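User: I am new to this structure and would like a close look at a single part.

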Amino acid sequence: MDRVAGLRRAAVEALGKVGGAAEEASLIAASSDPDAGVRGEAALALFRQRLLKRVPEYSTAAVTRLALLAADPDPEVRWRAVYAASRWPEPRMTTALGIATQDGDARTRLFAVRSLAKLALAPDEKLLSDPDLYVRAETVAAFSAAKAWARLPDALFGDPSTHVRAAAADAAAASGDERFIPLLNRMPPGALAEGRALLALAKLQGDAAAGALAKARLDPRWWIRARAYEASAVLFNGAEILLSGITEPDPRVSSQALETLAASTSPLALPALE
(Lines give C-alpha, C1' and ligand atoms only; values in the text may rest on other atoms or scores of the structure.)
Protein backbone atom coordinates (compact mmCIF):
# COMPACT_ATOMS: atom_id res chain seq x y z
CA MET A 1 0.00 0.00 0.00
CA ASP A 2 1.23 3.48 -0.89
CA ARG A 3 2.40 5.12 2.35
CA VAL A 4 0.94 8.52 1.53
CA ALA A 5 -2.38 6.97 0.54
CA GLY A 6 -2.31 5.05 3.79
CA LEU A 7 -1.96 8.29 5.71
CA ARG A 8 -4.91 9.76 3.81
CA ARG A 9 -6.98 6.72 4.68
CA ALA A 10 -6.12 7.08 8.37
CA ALA A 11 -7.02 10.76 8.30
CA VAL A 12 -10.39 10.07 6.68
CA GLU A 13 -11.12 7.31 9.20
CA ALA A 14 -10.33 9.70 12.06
CA LEU A 15 -12.63 12.37 10.63
CA GLY A 16 -15.44 9.85 10.47
CA LYS A 17 -14.98 8.94 14.11
CA VAL A 18 -14.47 12.34 15.72
CA GLY A 19 -15.61 14.89 13.15
CA GLY A 20 -19.00 16.46 12.75
CA ALA A 21 -21.01 18.22 10.08
CA ALA A 22 -18.18 20.70 9.51
CA GLU A 23 -15.96 17.87 8.24
CA GLU A 24 -18.46 16.58 5.69
CA ALA A 25 -16.99 18.63 2.87
CA SER A 26 -13.57 17.09 3.52
CA LEU A 27 -15.06 13.58 3.48
CA ILE A 28 -16.89 14.23 0.23
CA ALA A 29 -13.66 15.53 -1.29
CA ALA A 30 -11.88 12.38 -0.09
CA SER A 31 -14.49 10.25 -1.84
CA SER A 32 -12.94 11.37 -5.16
CA ASP A 33 -9.44 10.30 -4.11
CA PRO A 34 -7.51 8.31 -6.75
CA ASP A 35 -6.87 5.59 -4.13
CA ALA A 36 -9.78 3.15 -3.77
CA GLY A 37 -8.95 2.59 -0.12
CA VAL A 38 -9.43 6.28 0.62
CA ARG A 39 -12.72 6.36 -1.30
CA GLY A 40 -14.00 3.34 0.59
CA GLU A 41 -12.94 4.87 3.89
CA ALA A 42 -14.76 8.07 2.95
CA ALA A 43 -17.98 6.11 2.44
CA LEU A 44 -17.60 4.48 5.85
CA ALA A 45 -16.73 7.83 7.43
CA LEU A 46 -19.97 9.37 6.16
CA PHE A 47 -21.77 6.37 7.64
CA ARG A 48 -19.95 6.64 10.98
CA GLN A 49 -20.87 10.30 11.34
CA ARG A 50 -24.51 9.34 11.24
CA LEU A 51 -24.06 6.19 13.33
CA LEU A 52 -22.32 8.19 16.07
CA LYS A 53 -24.98 10.90 15.77
CA ARG A 54 -22.49 13.54 14.72
CA VAL A 55 -25.09 14.42 12.09
CA PRO A 56 -28.86 13.78 12.37
CA GLU A 57 -29.16 12.44 8.82
CA TYR A 58 -27.30 12.33 5.54
CA SER A 59 -27.19 15.62 3.72
CA THR A 60 -28.20 15.77 0.07
CA ALA A 61 -24.53 16.09 -0.85
CA ALA A 62 -23.65 13.01 1.20
CA VAL A 63 -26.44 10.93 -0.37
CA THR A 64 -25.38 12.03 -3.85
CA ARG A 65 -21.81 11.03 -3.15
CA LEU A 66 -22.76 7.66 -1.64
CA ALA A 67 -24.91 6.91 -4.68
CA LEU A 68 -21.95 7.64 -6.94
CA LEU A 69 -19.65 5.50 -4.81
CA ALA A 70 -22.16 2.64 -5.06
CA ALA A 71 -21.15 2.48 -8.75
CA ASP A 72 -17.41 2.85 -8.11
CA PRO A 73 -15.09 0.65 -10.24
CA ASP A 74 -13.72 -0.98 -7.04
CA PRO A 75 -15.99 -3.49 -5.23
CA GLU A 76 -14.42 -2.61 -1.88
CA VAL A 77 -15.76 0.91 -2.34
CA ARG A 78 -19.15 -0.17 -3.67
CA TRP A 79 -20.12 -2.41 -0.79
CA ARG A 80 -19.11 0.21 1.76
CA ALA A 81 -21.21 2.86 0.02
CA VAL A 82 -24.25 0.60 -0.08
CA TYR A 83 -23.69 -0.48 3.52
CA ALA A 84 -24.10 3.16 4.52
CA ALA A 85 -27.80 2.87 3.61
CA SER A 86 -28.40 -0.43 5.42
CA ARG A 87 -29.11 0.90 8.93
CA TRP A 88 -31.79 3.51 8.23
CA PRO A 89 -34.37 3.94 5.46
CA GLU A 90 -32.82 6.14 2.79
CA PRO A 91 -35.34 6.64 -0.02
CA ARG A 92 -33.04 9.06 -1.82
CA MET A 93 -30.77 6.12 -2.69
CA THR A 94 -33.53 3.83 -3.99
CA THR A 95 -32.40 3.92 -7.62
CA ALA A 96 -28.73 3.35 -6.75
CA LEU A 97 -29.67 0.49 -4.44
CA GLY A 98 -31.77 -1.18 -7.12
CA ILE A 99 -28.81 -1.11 -9.49
CA ALA A 100 -26.50 -2.37 -6.75
CA THR A 101 -28.62 -5.50 -6.25
CA GLN A 102 -27.34 -6.62 -9.65
CA ASP A 103 -23.69 -5.99 -8.74
CA GLY A 104 -21.10 -8.68 -9.44
CA ASP A 105 -19.85 -8.42 -5.84
CA ALA A 106 -21.89 -10.49 -3.37
CA ARG A 107 -21.32 -8.10 -0.46
CA THR A 108 -22.66 -5.21 -2.50
CA ARG A 109 -25.74 -7.19 -3.49
CA LEU A 110 -26.31 -8.25 0.11
CA PHE A 111 -26.19 -4.75 1.58
CA ALA A 112 -28.23 -3.34 -1.30
CA VAL A 113 -30.98 -5.87 -0.58
CA ARG A 114 -30.79 -5.14 3.14
CA SER A 115 -31.05 -1.42 2.43
CA LEU A 116 -34.14 -1.95 0.27
CA ALA A 117 -35.67 -3.96 3.11
CA LYS A 118 -35.33 -0.87 5.31
CA LEU A 119 -37.54 0.85 2.74
CA ALA A 120 -40.00 -2.09 2.75
CA LEU A 121 -39.13 -2.73 -0.90
CA ALA A 122 -38.71 -6.19 -2.38
CA PRO A 123 -35.81 -6.60 -4.82
CA ASP A 124 -35.85 -8.53 -8.09
CA GLU A 125 -37.19 -12.08 -7.57
CA LYS A 126 -34.12 -13.45 -9.34
CA LEU A 127 -32.15 -12.75 -6.18
CA LEU A 128 -34.09 -15.50 -4.42
CA SER A 129 -31.92 -17.82 -6.56
CA ASP A 130 -28.68 -15.88 -6.08
CA PRO A 131 -25.57 -18.10 -5.99
CA ASP A 132 -24.60 -16.57 -2.64
CA LEU A 133 -26.61 -18.07 0.23
CA TYR A 134 -26.42 -14.92 2.34
CA VAL A 135 -27.83 -12.84 -0.49
CA ARG A 136 -30.68 -15.33 -0.85
CA ALA A 137 -31.41 -15.15 2.89
CA GLU A 138 -31.37 -11.35 2.86
CA THR A 139 -33.69 -11.36 -0.14
CA VAL A 140 -36.20 -13.53 1.69
CA ALA A 141 -36.05 -11.11 4.62
CA ALA A 142 -36.56 -8.16 2.26
CA PHE A 143 -39.63 -9.78 0.71
CA SER A 144 -41.01 -10.26 4.20
CA ALA A 145 -40.26 -6.64 5.14
CA ALA A 146 -42.17 -5.60 2.02
CA LYS A 147 -45.04 -7.92 3.01
CA ALA A 148 -44.59 -9.67 -0.33
CA TRP A 149 -45.13 -13.12 1.20
CA ALA A 150 -47.36 -14.29 -1.65
CA ARG A 151 -44.38 -13.99 -4.01
CA LEU A 152 -42.14 -16.32 -1.98
CA PRO A 153 -41.75 -19.63 -3.84
CA ASP A 154 -42.29 -22.91 -2.01
CA ALA A 155 -38.79 -24.02 -3.06
CA LEU A 156 -37.26 -21.68 -0.49
CA PHE A 157 -38.33 -24.05 2.28
CA GLY A 158 -36.15 -26.73 0.68
CA ASP A 159 -33.19 -24.47 -0.11
CA PRO A 160 -29.79 -26.19 0.34
CA SER A 161 -28.84 -23.57 2.93
CA THR A 162 -30.22 -23.78 6.46
CA HIS A 163 -29.79 -19.99 6.65
CA VAL A 164 -32.16 -19.48 3.74
CA ARG A 165 -34.65 -21.97 5.14
CA ALA A 166 -34.49 -20.17 8.49
CA ALA A 167 -35.23 -16.86 6.75
CA ALA A 168 -38.15 -18.52 5.00
CA ALA A 169 -39.48 -19.75 8.34
CA ASP A 170 -39.21 -16.23 9.78
CA ALA A 171 -41.10 -14.88 6.77
CA ALA A 172 -43.80 -17.51 7.22
CA ALA A 173 -44.21 -16.51 10.86
CA ALA A 174 -44.45 -12.83 9.97
CA SER A 175 -47.03 -13.51 7.27
CA GLY A 176 -49.58 -15.21 9.49
CA ASP A 177 -50.51 -17.28 6.43
CA GLU A 178 -51.42 -20.90 7.19
CA ARG A 179 -50.46 -21.99 3.67
CA PHE A 180 -46.87 -22.13 4.91
CA ILE A 181 -47.59 -24.76 7.59
CA PRO A 182 -47.09 -27.84 5.35
CA LEU A 183 -43.89 -26.33 3.97
CA LEU A 184 -42.54 -25.74 7.47
CA ASN A 185 -43.35 -29.32 8.45
CA ARG A 186 -41.53 -30.70 5.41
CA MET A 187 -38.33 -28.67 5.71
CA PRO A 188 -35.08 -30.67 5.46
CA PRO A 189 -33.05 -31.19 8.66
CA GLY A 190 -30.82 -28.39 9.92
CA ALA A 191 -30.87 -27.15 13.51
CA LEU A 192 -31.03 -23.42 12.69
CA ALA A 193 -33.94 -23.75 10.28
CA GLU A 194 -35.72 -26.39 12.36
CA GLY A 195 -35.64 -24.13 15.39
CA ARG A 196 -37.04 -21.17 13.49
CA ALA A 197 -39.69 -23.43 11.96
CA LEU A 198 -40.85 -24.36 15.47
CA LEU A 199 -41.28 -20.68 16.30
CA ALA A 200 -43.20 -20.14 13.08
CA LEU A 201 -45.45 -23.14 13.58
CA ALA A 202 -46.26 -22.04 17.11
CA LYS A 203 -47.23 -18.59 15.86
CA LEU A 204 -49.31 -19.94 12.98
CA GLN A 205 -50.95 -22.86 14.79
CA GLY A 206 -51.07 -21.94 18.45
CA ASP A 207 -52.12 -24.90 20.62
CA ALA A 208 -52.35 -27.09 17.52
CA ALA A 209 -48.54 -27.12 17.55
CA ALA A 210 -48.40 -28.51 21.11
CA GLY A 211 -47.55 -32.04 20.02
CA ALA A 212 -44.67 -31.00 17.78
CA LEU A 213 -43.29 -28.71 20.48
CA ALA A 214 -43.50 -31.43 23.14
CA LYS A 215 -41.49 -33.73 20.89
CA ALA A 216 -38.96 -31.00 20.14
CA ARG A 217 -38.43 -30.30 23.86
CA LEU A 218 -37.03 -33.84 24.09
CA ASP A 219 -34.71 -33.46 21.08
CA PRO A 220 -31.06 -34.35 21.82
CA ARG A 221 -29.89 -31.07 20.28
CA TRP A 222 -29.83 -28.19 22.74
CA TRP A 223 -30.63 -25.61 20.08
CA ILE A 224 -33.86 -27.37 19.15
CA ARG A 225 -34.89 -27.76 22.79
CA ALA A 226 -34.18 -24.09 23.47
CA ARG A 227 -36.27 -22.96 20.51
CA ALA A 228 -39.03 -25.39 21.48
CA TYR A 229 -39.27 -23.83 24.94
CA GLU A 230 -39.25 -20.36 23.43
CA ALA A 231 -42.03 -21.34 21.02
CA SER A 232 -44.05 -22.97 23.81
CA ALA A 233 -44.77 -19.56 25.31
CA VAL A 234 -47.81 -19.23 23.04
CA LEU A 235 -49.43 -22.42 24.31
CA PHE A 236 -52.30 -22.39 26.79
CA ASN A 237 -50.06 -23.93 29.46
CA GLY A 238 -46.94 -22.22 28.18
CA ALA A 239 -45.94 -20.70 31.51
CA GLU A 240 -45.96 -24.10 33.24
CA ILE A 241 -43.86 -25.57 30.42
CA LEU A 242 -41.35 -22.73 30.69
CA LEU A 243 -41.19 -23.15 34.46
CA SER A 244 -40.28 -26.80 33.98
CA GLY A 245 -37.70 -25.79 31.39
CA ILE A 246 -35.79 -23.82 34.00
CA THR A 247 -34.70 -27.16 35.49
CA GLU A 248 -33.18 -28.29 32.17
CA PRO A 249 -29.61 -29.52 32.81
CA ASP A 250 -28.19 -27.64 29.83
CA PRO A 251 -27.81 -23.98 30.88
CA ARG A 252 -28.30 -22.82 27.29
CA VAL A 253 -31.77 -24.33 27.33
CA SER A 254 -32.72 -23.41 30.89
CA SER A 255 -31.63 -19.81 30.36
CA GLN A 256 -33.82 -19.58 27.26
CA ALA A 257 -36.78 -20.94 29.21
CA LEU A 258 -36.17 -18.44 32.02
CA GLU A 259 -35.72 -15.53 29.61
CA THR A 260 -38.93 -16.38 27.78
CA LEU A 261 -40.86 -16.76 31.03
CA ALA A 262 -39.50 -13.45 32.32
CA ALA A 263 -40.71 -11.71 29.16
CA SER A 264 -44.22 -13.07 29.62
CA THR A 265 -47.10 -11.67 31.64
CA SER A 266 -47.55 -14.89 33.59
CA PRO A 267 -47.81 -14.62 37.40
CA LEU A 268 -45.32 -17.50 37.52
CA ALA A 269 -42.58 -15.27 36.17
CA LEU A 270 -41.86 -13.24 39.29
CA PRO A 271 -41.45 -16.23 41.68
CA ALA A 272 -39.12 -17.89 39.16
CA LEU A 273 -36.91 -14.79 39.15
CA GLU A 274 -36.69 -14.49 42.92
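Which residues in α3 meet which residues in α4?

Analyst: This is a predicted model, where local features need pLDDT of at least 70, side-chain atom pairs count only at pLDDT 80 or more, and totals for chains, interfaces and linings use all residues. Residues are numbered from 1 along each chain as its sequence is written, and side-chain values use heavy atoms, with hydrogens and water left out.

Arg39, Ala43 and Leu46 in α3 meet Ala62, Leu66 and Leu69 in α4; contact means heavy atoms within 4.5 Å. By class, this contact of α3 with α4 has 5 nonpolar, no polar and 1 charged residues (Ala, Val, Leu, Ile, Met, Phe, Trp, Tyr, Cys and Pro count as nonpolar, Asp, Glu, Lys and Arg as charged, and the others, Gly among them, as polar).

Helix α3 covers residues 36-51 and helix α4 residues 60-69. Helices are DSSP runs (H or I, at least four residues), numbered from the N terminus. The two axes come within 11 Å and cross at roughly 140°; axes are lines fitted to C-alpha atoms over the stretch in contact, with angles from 0 to 180 degrees between N-to-C directions. α3 and α4 are therefore oblique to each other, as angles under 35 degrees count as roughly parallel, over 145 as roughly antiparallel, 65 to 115 as roughly perpendicular and the rest as oblique.

How values were computed
Helix = DSSP H or I, 4+ residues; strand = E, 2+ residues; numbered from the N terminus.
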